[in-house]
Each structure stands twice: as structure tokens, then as C-alpha cells.
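This report walks through one protein chain, element by element. Keep the sequence and the 3D view at hand while reading.

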Amino acid sequence: MNGKQKILTLSDLSPVDRRLCEKARNVAQNAYAPYSGFAVGAAVRTPSGGIVCGTNFENASYGLSICAEMAAIASANSSGESRIAAIAVAGYKFAPEPKIIGIVTPCGRCRQIIWEAGSSTKEHVKVFCCNGDLSQIVVYGIEELLPDAFDGDELQRFRLEKRAAEDVPQSIENMNATASRKRVC
Ligand SMILES: [Zn+2]
């Protein structure tokens, strides 16, 4: 947060958005987080209006831990819904003692995954970032959390550029010469 976002409460939200945030908060109780003691829940709303939830699932290796947002989106995909219209995330400290801390926002990896889950419809997925008791909520569009996102359109552009380069062999020779100079270094 950069201090510019308006902090809302549940009563500021529509009933469907309120329910999404409540689902995220409630499912956090199922988090497997013995290492951080920090429970995170996420709830995604699919274009058909369904809600699918996930929690963080930590691992002793730390690096292999799965975020709640990722778990929720993967679960929605497994049930046949690869696209999402909105996601809510909420978290709180439960060990060594319960503590409500600040608003939780998705990590960088999850922002990319959220972008992908919304990109084919070109909808701007709403991201409800909540604290642990839902007394503070900030609503972002995913395009605010991940400006200039890399996605399938970018890959398509690269493919087209590559194809254009293949039509001009001289260009490829120049590129190879540049690459070999770099290898010398
Ligand atoms: Zn994450």
C-alpha cells in the first residue's frame, strides 16, 4: 500500500463482495502454516458466480510453500473454471499468539497468476485485500498491482517479431555476432 488507497470496511461492500471476503477470512482457519504461524485464506469468484477457496500450504523447505491465492485459483481451474472475476485475500498471525496485523496483499508470483486467470476475458480482476478481522479492506484492480504485466499477448508479439526476423537472414547473422561477442566476456 502506498497510502493513497481508500480503506474500506465490510459494510462498504456489496453483499456479493462481502461474502467473498468473509469466505477468504473463514477458510484461513484451514491454513497449514506451522513455520510462519501466519494463516492466509483466499476466495475467488468465477465468471459464473461460484466461489472457490484456498489457503496457504507451507513446506519445510520454505521455498516450496503454496500461497492461498494460488491454491484457490488452481482449485477453481480443477473444477472447470480457469477464469476469475474477483479474488479476496485475508490473513492473520495465529502463533505464537493470535494477532491481527495489517492488510494482506498478494505476493509478486500470485499477482502474475491472478493476471493470467483474468487475462483471456480482458476483465480487470478485482482484488480485495483484507486484514484478519475484515475491519480494513482495500480494493485494487489487478492492473494496479501488476502494471505492464507480461502475458500471452506479449508472447504473441515475440512470435511475430521472430517470424519477421526469419524473413531477413541478415538480421539473424547480426544477432548471432552480437551473441558470440557476449559469450567471450
Ligand atoms: Zn503468493
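## Terms and model

Two strands pair if DSSP finds at least two bridges between them. Helices (H or I, at least four residues) and strands (E, at least two) are DSSP runs, numbered from the N terminus.

This is a predicted model, in which local features need pLDDT of at least 70, side-chain atom pairs count only at pLDDT 80 or more, and totals for chains, interfaces and linings use all residues. Residues are numbered from 1 along each chain as its sequence is written.

## Overall layout

The protein chain holds 6 helices and 5 strands. From the N terminus on, their order is α-β-β-α-β-α-β-β-α-α-α.

Of the 185 residues in the protein chain, 29% are buried. A residue is buried if 20 or more other C-beta atoms lie within 10 Å of its own, exposed if 12 or fewer, and partly exposed in between; the C-beta atoms are placed from the backbone. Two residues are in contact if their C-beta atoms, placed from the backbone, lie within 7 Å. Take the contacts in the protein chain between residues at least 6 apart in sequence: 63% of them join residues at least 24 apart.

Strand S1 covers residues 38-45. Of its 8 residues, 7 are buried, so S1 is largely enclosed by the rest of the structure.

S1 pairs with S3 through 8 bridges, and the two run antiparallel. Ala 43 has Ala 88 in S3 as its bridge partner. S1 also pairs with S2, through 5 bridges, and these two run antiparallel as well. Here Gly 41 has Thr 55 in S2 as its bridge partner. S1 and S2 form a hairpin with 5 residues between them. Gly 49, in the turn, has a positive phi of about 100°.

## The loop from S2 to H2

Strand S2 (51-55) leads through a loop to helix H2 (68-78), and Ser 65 lies in that loop. Is Ser 65 partly exposed or buried? Ser 65 counts as partly exposed because it has 16 C-beta neighbours inside 10 Å. Leaving aside its neighbours within four places in sequence, Ser 65 is in contact with Asn 56, Phe 57, Glu 58 and Asn 59. Tyr 32 is 33 residues from Ser 65 along the chain, and their C-alpha atoms are separated by 9.7 Å.

Tyr 62 is found in the loop between S2 and H2 too. Tyr 62 is not a glycine, although its phi is positive, about 65°. With 9 C-beta neighbours inside 10 Å, Tyr 62 counts as exposed.

Which residues of H2 are buried? They are Ala 68, Glu 69, Met 70, Ala 71, Ala 72, Ile 73 and Ala 76. The cover over the buried residues of H2 includes S1, S2, S3 and H3. After H2 comes Gly 80, with a positive phi near 100°.

Two packed helices are described by the angle between their axes and the distance between the axes. H2 packs with helix H3 (residues 108-119) at an angle of about 25°, and the axes are 9 Å apart. Axes are lines fitted to C-alpha atoms, for helices over the stretch in contact, and angles run from 0 to 180 degrees between N-to-C directions. H2 and H3 are therefore roughly parallel to each other. Angles under 35 degrees count as roughly parallel. From H2, the contact uses Glu 69, Met 70 and Ile 73; from H3, it uses Cys 110, Ile 113, Ile 114 and Ala 117. These residues divide into 6 nonpolar, no polar and 1 charged. Ala, Val, Leu, Ile, Met, Phe, Trp, Tyr, Cys and Pro count as nonpolar, Asp, Glu, Lys and Arg as charged, and the others, Gly among them, as polar.

## Further along the chain

Pro 96 lies in the loop between strand S3 (86-93) and H3. The peptide bond from Ala 95 to Pro 96 is cis, with omega near 5°.

Strands S4 (residues 126-130) and S5 (residues 137-141) run antiparallel, joined by 5 bridges. Cys 130 stands opposite Ile 137 in S5. The hairpin of S4 and S5 has 6 residues between the strands, and Leu 134 in this hairpin takes a positive phi near 60°.

Asp 148 lies in the loop between helix H4 (142-145) and helix H5 (152-166). Its phi is positive, near 55°, in a residue other than glycine. Asp 148 counts as exposed, with 6 C-beta neighbours inside 10 Å.

Note on methods: Parallel < 35°, antiparallel > 145°, perpendicular 65-115°, else oblique.
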